[in-house]
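Here is a friendly walk through a few features of the model shown below. Have the viewer open as you read along.

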Amino acid sequence: MTSERRVHPYIPNSVPEIKAELLKEIGVGSAEELYSQMIPQRLRLPRRMNLPEALPSELDLRRHVEKLLSKNISCKDYISFLGAGCWQHYVPAVCDEIARRAEFLSAYSGENYSDLGRFQAFFEFQSMIGELVGMEVACLSTYDWGAAAANAIRMGCRLNGRREVLVPATVSPARLSTIRNFAGPLAMPTHIDIRTVKYNRSRGLLDIKDLKHKLSSRTSAVYFENPSYLGVIESQGEEISYAAHEVGAEIIVGVDPISLGLLAPPSDYGADIVCGEVQPLGMHMNCGGGLAGFIASRDEEKYVAEYPTHLVSITTTQREGEYGFGYCRFDRTSYAARENAKDWVGTATALWSIVAANYLALMGPSGMREIGEAIAQKSHYAAELLSEIKGIRIVFPQFFKEFVVNFDRTGKSVARINKALLKKNIFGGKDLTEEYSELGASSLYSVTELHTMEDINKLAEAVKEVVR
Amino acid sequence: MRKPSEVRNYHAPVWSEPVVMELGTHGERGILVPEVEEGIRNRVGKASALIPKKMLRKVPPRLPELSQPQVLRHYLRLSQMTLGMDLNIDFGEGTCTMKYSPRVNEDLAELIADIHPLQDEETIQGVLEILYKFGHVFLKEISGMSEFCFQAGGGSEAVFVNACIMRRYHELNGELGQRNEIITTIFSHPCDAAVPATAGFKVITLYPDQKTGMPSTEALKAAVSKRTAGIMITNPEDTGIFNPEIDEWTRIVHEAGGLCGYDQANANAIMGITRAREAGFDMCFFNLHKTFGSPHGSDGPACGAVCVTKELAKFLPVPVVTYDGRKYHLDYDRPCSVGKVRDFLGNVPVVLRAYAWSMSMGEEGLREAAEVSAINNSYLEKRLVKIRGVTKPFSTKRRVDQIRWSLEKMKEETGVGVLDVNRRVVDFGVQSYFLSHHPWVVPEPFTPEPCETYSKKDIDDWAAVLHKVSEEAYLNPELVKTAPHRSSIARIDETALDDPKRWAMTWRAYARKKGARARN
């Protein structure tokens, strides 16, 4: 910047005269003098930072960033079958409108009165999540599904004082890694032992025999997902819950809420705590930046007391018939209790709570049922077409929107197939070869309401050519 | 300064908006799902036949049924009853760095809306370049650190990454069983205590010298031992006081065998002025939704950008973005890594906005933002010390980015405390201020942070509101105690929020409890 351009549009007091006036008022000659009164010279950076030339003109900046980003190809350019924890669903225009409302976008942590609308939207999010999962308590959205699952597991451990948790071997490896980080290493006395339970290799369901073998009075909780990371609908929920409850363990179920207009809510098959991923409910994938987790449970004091996250409660005001909102049991949170809190709460993904509320209000019960049906039909259609290709096998029969495709008998690796599909403007499914070596050359395909019959036919044609 | 009488004649919007669950009528639709093509339907049949029978939902979720204009209207009304930073002089929310988030960056962030994080590297070179350059060009200079990770979805989660790195470091050294204590200070953010505790550490909290407000180096010396895993601290602290012995602190901790983590959630007034590296830290993090201009989003999405020394780089979560001189890559093959704390690559749009903001600023701009923030804070001080009932605790004169003020005097003299004043300032169209985390330490605290976004007049106007409320407190304390008077709603019943019989986190719980009360 040349000296006459020192006034930056984001900094009103960068006008030299104003700055001089302020300096005079505070009794120093320069910013340098002010800093010298606060920070010892030996800790000061003795030079200017070496940074690229600034682009203070908005137009220059826009051009620069647009040029960088033009190197990307998006799922709007190509047909994508990637999912695995972040899925391409349609985002209604009204959701985008609300997500960019300056009031919501720029607010932070104002109190109950000045930020009434934000609090009410949070309560509505919790209310609609509660309806979907069949629970009376739900929290404001947290970081992502993995963090929510980890928090839920730690809630379970605090509830019954046990430190062993069973999870199916089909849990997402990334989520499992997050859960293990929250569980801590063995060397620490607070360590939670996360033990995996085998899965049925032909159906992808939890191996009940192995589960029963591993369940004991030490088991704090059983956590499973529905649909699982590998797309499978876990239909043994009641049996799993019964076995876990027999030994006094909690049942924690992770869900993809987009399925819950069609699939039974976890409360139907014995869940004590539910968690999951909010991203499908109105968030763009945002290169993974659309993720947001949630936790829900029954409305029992002992559960509420263990939530680490914010819980927004409705209340009344001094005016008849008027609602107010506020944080329930704020004293449990780390803002109030520091190291004695229930884990921690921090800035996470609140805007996505607001957008998800908007999405669910748009969809309503009929929309959620219809989208569930459309996804199930389209994913099964895609699986059928692929299964007809020589050398290709659909590994698990019972799925919702994602399914595992095995290429073993094509003699080609998933990496090679995906590279070839890329040339045909298709993002193939997530390569599972490393994560699940026992499944061979397998790939996780995701099909949503966004895929047309034409898209799916194109995929089948392309795969047919690629594996030939 | 404006005369106190010149504060705004404001009233918040009063929409008396019902909860969405009460709106609409049966059969209304807000959006339609595309019809499934006939070819698909003929092929696979009904959806209900594709799902195990017992897994089909029997009772539809009781979601509201609303047409599209009704939904939009409802959420627009809620947005109007939210006093976002863009609408007001919002620096009362100190420690939060309520700076302007440039709108152009929203447009730019939308360009990656439809990218999947698992796409082939070749197809996300633009994204990877931004991630790499924001770390290796900007944060490298700002922090002096060597390697970077943007996966943490907020400041607290970044502390978790740091805690996991400390854990892994000591684990691989075979010392984790012994080194299980993390030291922090009471004026560091509560996450610096809560997160290490979640990670399994015992937390030791140091208190400041009561006179100066400075954390005591003697106390640190007494606290370190062979049990010390590390420190996790802020500097400047919430008081705005910069610990001038910070390099001595890191030396003491290193000597004891611990690692030093620097919570730089608020680094706004020290960018280009002083760095983590020269202070001797091993790791730090920046809140990109604060210092680097990404919007706060009503409380996220956010990003805590973790920066570490070369020695600790091997512990970073996977994947790490690398550059071979030609192409950018995602490196998953890092055997010492702590693994994952968050799925995929983190909040990439937040990093993109931070990159764009930093490019707009450049070296001079970043430094200007820092300097003006510090100047604004000292200027606000000049305004606030003149207000009756307001005091500045601790003898340390100069404060960097913010000051933790006290209304203890006002409370003693009028009975009006910091919570009352906070409900009153919103009547004049400024956002409620941030008080302090708990425990308060400073009695009746509040913590404004007038960062570079705010003009001289903004600062004068904000001070005028506080001046006005102070006058009211001394003349008519009841007026302040019964505030707010010009808000969207009247005073709420706070007792219900903590009462299991009356609290309700969902509409269904509210309806059930209300019904039960009506029957009794």
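Axes here are lines fitted to C-alpha atoms, for helices over the stretch in contact, and angles run from 0 to 180 degrees between N-to-C directions. Helices (H or I, at least four residues) and strands (E, at least two) are DSSP runs, numbered from the N terminus. This is a predicted model, in which local features need pLDDT of at least 70, side-chain atom pairs count only at pLDDT 80 or more, and totals for chains, interfaces and linings use all residues. Residues are numbered from 1 along each chain as its sequence is written, while chains are lettered from A and ligands numbered from 1 in the order in which they are written.

**Two helices in chain A.** The axes of H7(A) (residues 145-160) and H8(A) (residues 173-183) come within 8 Å and cross at roughly 40°. H7(A) and H8(A) are therefore oblique to each other (angles under 35 degrees count as roughly parallel, over 145 as roughly antiparallel, 65 to 115 as roughly perpendicular and the rest as oblique). Residues in contact have C-beta atoms, placed from the backbone, within 7 Å; among them are Trp145(A) and Ile153(A) of H7(A), and Thr178(A) and Phe182(A) of H8(A).

Thr322(B) stands opposite His329(B), and Gly325(B) in the turn has a positive phi of about 95°.

**Where the chains meet.** The contact takes these residues:

| Chain | Residues in the contact |
|---|---|
| Chain A | 181 residues |
| Chain B | 181 residues |

On the side of chain B, H10(B) (residues 348-384) gives the most, with 22 residues.

Definitions and conventions: Contact = placed C-beta atoms within 7 Å. Pairing = 2+ DSSP bridges.
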